[in-house]
Amino acid sequence: MASSDKKPGPTPAIGPGSTLPGKPTTLGSKLIETGAMMLQSMAPVRQMNLHACTFALYGHDLSRQIETHHFIHRINQDFLQCAVYDSDKPSARLIGVEYIVSDNIFETLPSEEQKLWHSHAYEIKTGLWTLPGMPELLQDPEHKSLTKTYGKFWCTWQVDRGDRLPLGAPSLMMSSQAVDIARVNPELVKERDRKYGVSRGDAKESRVEMAEPEWINPNADYWKQHGKGFAIDVPVEMKSSGALI
Amino acid sequence: MYLLSAFPFFQILDETRTLTILNQLEIENEKERQRESNLINKMATSHVDVPGEPTETGTALLETATGTIQGFQPVNNIHQHLCAFHFYAHDMTRQVEAHHFCGHLNEDVRQCLIYDSPDKDARLIGIEYIVVESLFLTLPDDEKPLWHSHEFEVKGGYLFMPGVPGMGERQDLKQVCKTYGKVIHFWQVDRGDPLPLGIPQIMMALTRPGQLDENIAKDVEKRFGVSFEEQREQRKDLTGPDHGIHPLANAAGRGLKTELREVDIPPATSMPRVFV
């Protein structure tokens, strides 16, 4: 069975350094791509105009934490869709998708659905979430509206576990919260801050006046009050001989 | 169109010069991306189907700025639009038109964002990863069923690159024909969900004649001015994986359904534990 919280069996697709297997892109492929680019409209992907860097925690194991790069397309004032990568380089691996909704929209969701979502207030107010390349002052208006939002983030490639290829079932991710087990490892934050020339501490200070949501729906960040996270299974039936039925 | 006619020219140019030209084109592409992104944000954007208020002017303006100032390298690596059909791995009758926007991580691995249309208000509904046969074979046996082969949909004409005429398409489809893909959808637009509800769905691709709903097929053919039958004729000589389609691929010929399970998380403490 493929499960988001179980490590995949031994395979060359996992290994130290988690380098991507395969040959470098050939000139031929690059030419094909360039040709395509000239002739095709890439309208949907051109809508992403916001880049955020933050941290996410695995919903079934909050001690596993990753730096994420969200490339965000705002559909309307209440809804955003994000392509999530593990870095902001051209070599970045696409590791998942996150959807962000306003509190208004969130309240319309059934409670079973709400359990799959996480709140953003803490990570924004404490400076974990930042918009690389933008002066803090300019980031302000965006953060004001995002503080009250909720996110649903599915991770499809567990790169921090050494997976060289996207293995297993998708994993539900959670956000950092003001409790011990959900604080982001300071080393991770330090490294991020160093790379992007930002300071989480400074960001936190300048956002201290920012209005917090009056109330965060207790169904979100489900683990906090219920001690339960979620995993996804994809049952793949195997005979005892190892062959699929 | 000029680039296609310039193909023979590129073969004569040495690698360095070609790469320089490619870089130039990349820069042009980035400028184009910014231009388009700015244009879009000056208009009121509100997706007809997704609930919510129209984007406020202040927000739109800010995002125009971020679109110009920030870096978007991972997204700029997306160079190709492919249209194909997916069905739910547990229900072949539910079929979705899937617009893939793909980029190479290297020669052997691609990653794609999947949208429900090629338009600017398209909903991001899923992800696909595409690997060459040799990499597929390295996957664990309980992973292989989550992947599907591309041979049938490429040879059948159902997978195509909108806007790219036969010759340009062919080069790439020859390669894609031999690859395997892993598709996960997060938004079940086909059942009318206004928002991405529920858990991720593993999707499969066409593997046999008669699977694709005729109405969906005709609709796509009409909107994109393609004929799957014509394409089939032209693609007769393409070949699938060298070792044949692996028996474990395509959900091992059975269905696959994702399930949600609760997992114990250690109790949350906002105070350090005190040992009494």
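Modeller: Buried area here is the accessible area, with a 1.4 Å probe, that two parts lose on being put together, summed over both. The model is predicted.

Biologist: OK, what area is buried between chain B and chain A?

Modeller: About 9900 Å² is buried between the two chains, and carbon and sulfur atoms give 64% of that.

Biologist: Which residues of chain B lose the most area to chain A?

Modeller: P74(B), R261(B) and I265(B), which together make up 7% of what that side buries.

Biologist: And how many residues does the contact take from each chain?

Modeller: 116 residues from chain B and 110 residues from chain A.

Biologist: Salt bridges between chain B and chain A, how many?

Modeller: The count is 5. In one salt bridge, the side chains of K23(A) and D108(B) meet at 3.6 Å, N to O. Helix α3 of chain B, residues 15–42, supplies 12 residues, the largest share of the side that touches chain A.

Biologist: Switching to the largest nonpolar core: which residues touch the most other members?

Modeller: V45(A), Y85(A), L113(B) and L256(B), out of 116 residues in that core. Leaving out residues up to four places away in sequence, L113(B) touches residues including V45(A), M48(A) and Y85(A) in chain A, and F101(B) and L124(B) in chain B. A second, separate core has 14 residues, among them C102(B) and C112(B).

Biologist: What pLDDT does chain B average?

Modeller: The average is 86, and 85% of the residues score at least 70. Residues 1–11 of chain B fall below 50, and this stretch has 15 contacts beyond near neighbours in sequence.

Biologist: What ipTM does the complex get?

Modeller: The predictor gives an ipTM of 0.93, with a pTM of 0.89.

Technical notes:
Residues are numbered from 1 along each chain as its sequence is written. Chains are lettered from A and ligands numbered from 1 in the order in which they are written. This is a predicted model: local features need pLDDT of at least 70, side-chain atom pairs count only at pLDDT 80 or more; totals for chains, interfaces and linings use all residues. Side-chain values use heavy atoms; hydrogens and water are left out. pLDDT is the predictor's confidence in each residue, from 0 to 100. Contact means heavy atoms within 4.5 Å. A nonpolar core is a set of buried Ala, Val, Leu, Ile, Met, Phe, Trp, Tyr and Cys residues joined through side-chain atoms within 4.5 Å. Buried means under 20% relative accessible area, exposed over 50%, partly exposed in between (1.4 Å probe, protein chains only). A salt bridge is a side-chain nitrogen of Lys or Arg within 4 Å of a carboxyl oxygen of Asp or Glu. Helices (H or I, at least four residues) and strands (E, at least two) are DSSP runs, numbered from the N terminus.
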